[in-house]
Amino acid sequence: MAHPPPSTGPHATTTPLALVAPGAFVLIWSTGFLVGRGVAPHADPFWFLSARFACVALAFSAAALWVRAAWPSGGQRIALHLLAGALMSGIYLGPSWWAMARGMPAGVMALIGALQPLFTALVAVLWLRQHLPARTWGGLALGFGGVALVLAPRLAATDAGALPWPVVLAAAGSIVSLTLGAMVQKSRWLAQDDLRSASAVQNLGAVGVLLAMALTLGTPHWDGSAALWGSLAFAVVVLSIGGATLLIWLMRRGEATRTAALLLAVPPLAALEAWAIFGETLAPLQLLGFVLAMAGVALARR
């Protein structure tokens, strides 16, 4: 049988896992940008991600069969699971990893990813016709203005370090996909299904769109190095089975507020990790933009 959704009200039990899960998720989430940056010399990002999510789908399918978990039933529910996986994993990670493979720094990609709450606010205004308070509009202005300062030097550059507009647009489009996918994921219908069987179906949705991207946009590049296979193992076990499962678990428990607050630590943490591993640095103007963008996200989250 599918497990009932846990209590998310004021009397929900706080377990040790609930206390450490948000912080663990943020640490794992920050390393995902480094994996995307590090894989670029060894494999095409679309083919790598296709292999990653195919492995994850098989792992969750085996886990669901082992415990005899109920599988999502009904065409509409299965379609929603496939859509959630396609948006949150396939269309989100495909373009963002492609952008990093073409020069987008991992720390800057993490910063753009942190704008997801601002994209959510824009969707609320444009699609749901909601009214936003003045502080949220101020957060939007600060956030997008800060990112503009971070990207400006790379967009204006004429050397090998320049970023073309298609790369920036692909990175921004990936965050729109993550925003829409999170809305689908938080549907009350999806929260009723077993996490293992639901994850298996959702990862199949990701594989479908990533294979389409690989066949149309990718190149047959896979060097088979130890670094590549190690990155694939880390991406499957830690990022997908560990990080993505934690994210869905936190959403179902209603831990969105705590996780949202900690997500502000992801861009600085990813930038620090990228500096230590890849030597990525930010100019003073970009550092100012980094701070302004994070202040804007924090203000909008209030």
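Let's start where two helices touch: in H3, the residues Ile-78, His-81, Leu-82, Ala-84, Gly-85, Ala-86, Ser-89, Gly-90, Ile-91, Gly-94 and Pro-95 meet Ala-198, Val-201, Gln-202, Leu-204, Gly-205, Ala-206, Val-209, Leu-210 and Met-213 of H8. Sorted by type, the residues of this contact are 13 nonpolar, seven polar and no charged. Keep in mind as you look around that this is a predicted model.

**The H3 and H8 pair**
- Helix H3 covers residues 75-101, and helix H8 covers residues 195-217.
- The axes of H3 and H8 come within 7 Å and cross at roughly 50 degrees.
- An angle of 65 to 115 degrees would count as roughly perpendicular and one under 35 as roughly parallel, so H3 and H8 are described as oblique to each other.
- The crossing of H3 and H8 is right-handed.

**The H4 and H6 pair**
- Now turn to helix H4 (residues 106-113) and helix H6 (residues 134-156), which pack at an angle of about 160 degrees with their axes 11 Å apart.
- Because angles over 145 degrees count as roughly antiparallel, H4 is roughly antiparallel to H6.
- The H4 and H6 crossing is left-handed.
- On the H4 side, Val-108, Leu-111 and Ile-112 take part, and they meet Val-147, Val-150 and Leu-151 in H6.
- This contact of H4 with H6 is made of six nonpolar residues, with no polar and no charged ones.

- Is Arg-102 buried, exposed or partly exposed? With a relative accessible area of 40%, Arg-102 is partly exposed.
- If you leave aside neighbours within four places in sequence, Arg-102 is in contact with Leu-163 and Val-167.
- Arg-102 and Ala-162 are 60 residues apart along the chain, and their C-alpha atoms are separated by 10.0 Å.

**The whole chain**
- The protein chain has 12 helices and zero strands, so reading along the sequence gives the pattern α-α-α-α-α-α-α-α-α-α-α-α.
- Of the 302 residues in the protein chain, 47% are buried.
- Take the contacts between residues at least 6 apart in sequence: 89% of them join residues at least 24 apart.
- The protein chain exposes about 14000 Å², and carbon and sulfur atoms supply 71% of that area.

How values were computed:
Residues numbered from 1 in each chain as written. Predicted model: local features only at pLDDT ≥ 70, side-chain atom pairs only at ≥ 80, totals over all residues. Heavy atoms only, no water. Axes fitted to C-alpha atoms, helices over the stretch in contact; angles between N-to-C directions. Helix = DSSP H or I, 4+ residues; strand = E, 2+ residues; numbered from the N terminus. Left-handed = near helix turned anticlockwise from the far one by under 90°. Contact = heavy atoms within 4.5 Å. Nonpolar A, V, L, I, M, F, W, Y, C, P; charged D, E, K, R; others polar. Buried < 20%, exposed > 50% of the residue type's maximum accessible area, 1.4 Å probe, protein only. Areas by Shrake-Rupley, 256 points an atom, 1.4 Å probe, with all protein chains shown as cover.
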